[in-house]
Amino acid sequence: MSETDETTEPAELETDVDAEGEGEDDGDGVVVAESETDADEPAPAADRVSLQDRLEQEGDIAADYLEELLDIADLDGDLDMDVEGERAVVSIVGADLSQLVGANGEVLDALQELTRLAVYRETGERSRLMLDVSGHRAQRRRELEELAADTAAAVKESGERVALRAMTPFERKVVHDAVAAAGLTSESEGVEPRRYVVVLPV
């Protein structure tokens, strides 16, 4: 089951709705409210930019911002840009960039939010851009998917709900998706920063 969690945005931006119901973040991400303009009025042709083009633009802006940050911090790193689904993905790859990840990924989460704000400043649009450093998120995703599969199997066998430890929005989103893929449901409980996933029996 999907989940939405809070993320820091400029003053006028609202936090995301919670997972079980009305909106979704990937953990990272932003739920975009429906436009207040008349949905029946098509946008002028000049204003219609393809999603692919917009996401590529976000990646370019993010890459420029991160290159400046790496220069200021005197860190060596290569930038890879991609589009996955409906989000831009930027990865910083380097020999030793652990300082950009931090314990449990706290620095990486903060850096991702700063990068999203840099994109917002340039485009005026909320961004769901995902930032990774040295494959940290990719590795963590694999670990969480394995944890979710094992937990789902245990819940199916015992018929009892299982609560996992507190996780970040990104981590909870991965677990929700993996639990859903295993045929069960899950929900988030608790309050940040101690919010956690509960896997429920059928």
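This is a predicted model: local features need pLDDT of at least 70, side-chain atom pairs count only at pLDDT 80 or more; totals for chains, interfaces and linings use all residues.
Biologist: What does that give for α3, and what span does the helix reach?
Modeller: Helix α3 has 23 residues, and 33 Å is expected at 1.5 Å a residue. From its first C-alpha to its last, α3 reaches 33 Å, close to that expectation.

Biologist: Which residues of α3 are buried?
Modeller: The buried residues in α3 are Arg-137, Arg-140, Leu-144, Ala-148, Thr-151, Ala-152 and Val-155.

Biologist: What covers the buried residues of α3?
Modeller: The cover includes two helices, α2 and α4 (169-181). It also includes the strands β3 (130-133), β4 (162-166) and β6 (196-200).

Biologist: Turning to charges, how many salt bridges does the count come to?
Modeller: The count comes to eight salt bridges. Side chains of opposite charge can pair when their charged atoms come close.

Biologist: Which side chain meets Arg-137 in a salt bridge?
Modeller: Arg-137 meets the side chain of Asp-109, at 3.0 Å from N to O. Arg-137 lies in helix α3 (residues 136-158) and Asp-109 in helix α2 (residues 106-123), so this pair ties together parts that are 28 residues apart in sequence.

Biologist: And is Arg-137 buried or exposed?
Modeller: Arg-137 is buried, with a relative accessible area of 5%.

Biologist: What about Arg-140: which residue does it form a salt bridge with?
Modeller: Arg-140 forms a salt bridge with Glu-143, and their closest N and O atoms are 3.1 Å apart. Both residues lie in α3, three residues apart, about one turn of the helix. Arg-140 is buried, with a relative accessible area of 16%, whereas Glu-143 is partly exposed at 38%.

Biologist: Which residues are linked with Arg-140 in a network of salt bridges?
Modeller: Glu-143 and Glu-171 are linked with Arg-140 in that network.

Biologist: Over to α2, then. Where do Arg-116 and Glu-113 lie relative to each other?
Modeller: Both are in helix α2, three residues apart, about one turn of the helix. Arg-116 and Glu-113 are both buried.

Biologist: One last point: which residue just after α3 takes a positive phi?
Modeller: That residue is Gly-159, with a phi of about 75 degrees.

Terms used:
Residues are numbered from 1 along each chain as its sequence is written. Side-chain values use heavy atoms; hydrogens and water are left out. A salt bridge is a side-chain nitrogen of Lys or Arg within 4 Å of a carboxyl oxygen of Asp or Glu. Helices (H or I, at least four residues) and strands (E, at least two) are DSSP runs, numbered from the N terminus. Buried means under 20% relative accessible area, exposed over 50%, partly exposed in between (1.4 Å probe, protein chains only). The expected span of a helix is 1.5 Å times one less than its number of residues. Contact means heavy atoms within 4.5 Å.
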